[in-house]
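Good morning, and thank you for coming.

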Amino acid sequence: MLLARRTRTQQVACLSSLTAIPKKILTRVVGKLKVEEEYPSHVNLDREKKYDIPLNQVFAKHTHLEKSVAADAMVIPCYKEQIPFNGASSGLMEASRLSNGVTTVSVDNSSPIVHLGVYLGIGTGNETRATAGSLQVMKNCWLGTTTRRTLIGGNREPMQCGADIQFNVGRDIVAITASCPRDKASLVLDHMTQNIICPEFFNHELHDAKSFALKQANAALSDPATLLMEEANRLAYRGTGLGRSLFLKASQQGAIDRDCLLDFAAENFRDSNNIAVVGVGLDADHVSELADEYLWSLEGGSSTVVNSTWTGNQESQIEAAGDGALAMCLVEGAAAGSQDALVLGVLKHLAGAGGARTSRGSAHSSLISAAAPYTTKPFSAEAVNINNVNTGMFGISISAAGGEIGDVLKASYGVMAGLNDGVSDEALEAAKNKLKLEILGEYESNVGARAATGLESIAAGSPSSASQLCGAIDSITNQEVMDAAKKV
């Protein structure tokens, strides 16, 4: 597969003044609160009444609030740049499964800042023509009104905890992540999961969400590299399943309403076997207790597997202004967490996975060295290994001047074809070491460890530690690399 590109209104009541919730409301609450129990407010009500802060500041997610106002008020600035400590994780990884099927993973590194992740094995591939763009709209209203909280509470309480909850949409995985102090982990995880358990998605809250989603789509698709990946997935899977667009289209904006989102959530958010909760900085028992507290009502077996049948063998060209050109040549790859994905990872480093930083002289990849004699303008050529939950894509990505990109492509083809005959032991060992360094660098970061373990928990059922992955890489033979190269 070859791709190329030339360059109605409803008032919201505040629950903070209520001391007991009416039974009628409690019947809609999914949780462990009983009728006789008092509503546990998460803010200091006496201090809250002392301050009158505009809503545009209450809902602010940046650090522009004045410290003098925020010191004793109901809000505090969300210091997004300071809270997430992304230092070395280097903790013991433990994975377990709850009785209802939810996977829990902990990396206990005794950090005062914990990094939480809730991973759902769904994505835009689970959307249909009628629901296309639903996840992107949910992304922008995830902290809205639920059966347990108002819009104000949903947005304000995470800010009080110094947390910034992110909702990231993929083609076959959704990642809900946040970083917060250790003693706020329970409340933050409650906010992260409340729309999985008790969503509302009121229509009056969707207007801004759909507008933001459309603006985000326009901004993302203005990037040629993003547009190229969109086209690559469309051709690889013929526009269905993983081939669906990641973004909301303007023509679909009017079709998404409360009923649409509630139906999508009921169909896709209830399978506990398709959910993983990751806690970096928490021990295994604590992560399991939190996951059980907030996700106990879920049951397994209700979601459908995304259609991921490879249908490649197509070419596409997108005309655009400018002299620069981008091209990708892709074949079917391997799923995340599989041994084949590691073999292709070694193959990627054999061909070349980007430039190298050197103090003296030069250290270019095989792809760069092969194409350099045929170009007089800046260019790049690298191998790419994209691993999804059930499948993947492997190939080469090239950027060059429009008049020279054909020569760069031919030279790159020659490098990939030359790997069919095998490589020397020294080159194979070097490629293995580069892949191990790439993995160790990812697991060394708290956020990287959270992302990697979350993806593997969904794809393989349980994650592998960095040492296990390095051991699997060491066992790769030259014959395995040759067999993988022949498929390319």
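Let me begin with a term: a crossing of two helices is left-handed if the near helix is turned anticlockwise from the far one by less than a right angle, and right-handed if it is turned clockwise. What you see is a predicted model, in which local features need pLDDT of at least 70 and side-chain atom pairs count only at pLDDT 80 or more, while totals for chains, interfaces and linings use all residues. Residues are numbered from 1 along each chain as its sequence is written, and side-chain values use heavy atoms, with hydrogens and water left out.

Two packed helices are described by the angle between their axes and the distance between the axes. Helices (H or I, at least four residues) and strands (E, at least two) are DSSP runs, numbered from the N terminus. Axes are lines fitted to C-alpha atoms, for helices over the stretch in contact, and angles run from 0 to 180 degrees between N-to-C directions.

Consider helix H12, residues 339-351. Helix H17, residues 466-474, packs with H12 at an angle of about 70°, and their axes are 10 Å apart. H12 and H17 are therefore roughly perpendicular to each other; angles of 65 to 115 degrees count as such, those under 35 as roughly parallel, those over 145 as roughly antiparallel, and the rest as oblique. The crossing of H12 and H17 is right-handed. Contact means heavy atoms within 4.5 Å, and here Gln339, Leu342 and Val346 of H12 meet Leu469, Ala472 and Ile473 of H17. This contact of H12 with H17 divides into 5 nonpolar residues, 1 polar and no charged. In this scheme Ala, Val, Leu, Ile, Met, Phe, Trp, Tyr, Cys and Pro count as nonpolar, Asp, Glu, Lys and Arg as charged, and the others, Gly among them, as polar.

H12 also packs with helix H15, residues 425-444: the axes come within 8 Å and cross at roughly 115°. H12 and H15 are therefore roughly perpendicular to each other, and H12 passes H15 in a right-handed crossing. By class, the contact of H12 with H15 has 8 nonpolar, 2 polar and 4 charged residues.

At what angle do the axes of H7 and H11 cross? Helix H7 (residues 185-197) and helix H11 (residues 284-295) cross at roughly 35°, and their axes come within 9 Å. The crossing of H7 and H11 is right-handed. Their contact has 8 nonpolar, 2 polar and 2 charged residues.

We turn now to the sheet. Strands of a sheet pair through backbone hydrogen bonds, either parallel or antiparallel. In this model, 6 strands form an open sheet in the order S2-S3-S7-S4-S6-S5, with mixed pairing. Strands S2 (92-97) and S5 (166-169) are the edge strands, each pairing on one side only; two strands pair if DSSP finds at least two bridges between them. Neighbouring strands of the sheet are turned by 15° against each other on average, direction ignored. Strand S4 (residues 113-120) and strand S7 (residues 275-280) pair in the antiparallel sense over 6 bridges, and Tyr119 stands opposite Ala276 in S7. H11 packs on this sheet, touching S2, strand S3 (103-108) and S7, and its direction makes about 145° with that of S3.

Finally, how many salt bridges does a search of the whole structure find? The search finds 9, a salt bridge being a side-chain nitrogen of Lys or Arg within 4 Å of a carboxyl oxygen of Asp or Glu.
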